[in-house]
Amino acid sequence: MTASDPANGTTGTTPAASDPAPTFFAAIGGEPAFRRLVDEFYAGVATDPVLRPMYPEEDLGPAADRLTLFLMQYWGGPGTYSEQRGHPRLRMRHAPYRIGAAERDAWLVHMRRAVDRLDLHPELAGLLWDYLERAAYFMVNEMDPSAPPGRNLAAG
């Protein structure tokens, strides 16, 4: 199974035609697994003083649905996200929000807890976490000039 660049949510995981291996989407349990992941994540966001103010909707349900559909599509599930919303364009969609190191790190704390609660096989959990961590760093759109340099994602 392979995954794409965080910026390209439309590719997802697609095995070769002769490859009997399931998609990552299927391997972790399909839609129910992604719904559990996102529900757990948003349970943390709901009370997070850094992240909660970034969501203009009083109800986090629509945001949770969008993230669920995006992740399912990215990992080889149905293309419902693109059918409903077009190309993911993650950076563009998040551009109105200030995303710095504090927001990224808070997002990662809640997502790490959510991934851990899925109790996936370590290899699958690692693939998922690697993508989520790269995506979180990719979304940062405001640098704090006084902060020490962070991890160099280009170095791998």
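Which residues does Leu 71 touch, not counting residues up to four places away in sequence? Leu 71 touches Phe 34, Leu 37, Val 38, Tyr 131 and Leu 132; contact means heavy atoms within 4.5 Å.

This is a predicted model, where local features need pLDDT of at least 70, side-chain atom pairs count only at pLDDT 80 or more, and totals for chains, interfaces and linings use all residues. Residues are numbered from 1 along each chain as its sequence is written, and side-chain values use heavy atoms, with hydrogens and water left out.

**Overall make-up**

- The chain holds seven helices and zero strands. Helices (H or I, at least four residues) and strands (E, at least two) are DSSP runs, numbered from the N terminus.
- Along the sequence, the pattern reads α-α-α-α-α-α-α.
- The chain has 156 residues, and 40% of them count as buried. Buried means under 20% relative accessible area (1.4 Å probe, protein chains only).
- Take the contacts between residues at least 6 apart in sequence: 66% of them join residues at least 24 apart.
- The accessible surface of the chain is about 8,500 Å², and 55% of that belongs to carbon and sulfur atoms. The areas come from the Shrake-Rupley method with a 1.4 Å probe.

**Nonpolar core**

- The largest nonpolar core has 43 residues. Such a core is a set of buried Ala, Val, Leu, Ile, Met, Phe, Trp, Tyr and Cys residues joined through side-chain atoms within 4.5 Å.
- Tyr 42, Leu 71 and Met 111 have the most contacts inside this core.
- Two or more core residues come from each of α1 (24-27), α2 (30-45), α3 (61-74), α6 (101-118) and α7 (122-139).
- α7 gives the most to the core, with nine residues.

**Helix α6 against α7**

- The axes of α6 and α7 come within 10 Å and cross at roughly 165 degrees. Axes are lines fitted to C-alpha atoms, for helices over the stretch in contact, and angles run from 0 to 180 degrees between N-to-C directions.
- That angle makes α6 roughly antiparallel to α7, a label for angles over 145 degrees.
- On the α6 side, the contact includes Trp 107, Leu 108 and Met 111. On the α7 side, Leu 128, Trp 129 and Leu 132 are among the residues involved.

**Helix α3 against α7**

- α3 and α7 pack at about 120 degrees, with their axes 13 Å apart.
- The two helices are therefore oblique to each other.
- Phe 70, Leu 71 and Tyr 74 in α3 meet Tyr 131, Leu 132 and Arg 134 in α7.

Notes: Buried means under 20% relative accessible area, exposed over 50%, partly exposed in between (1.4 Å probe, protein chains only). Angles under 35 degrees count as roughly parallel, over 145 as roughly antiparallel, 65 to 115 as roughly perpendicular and the rest as oblique.
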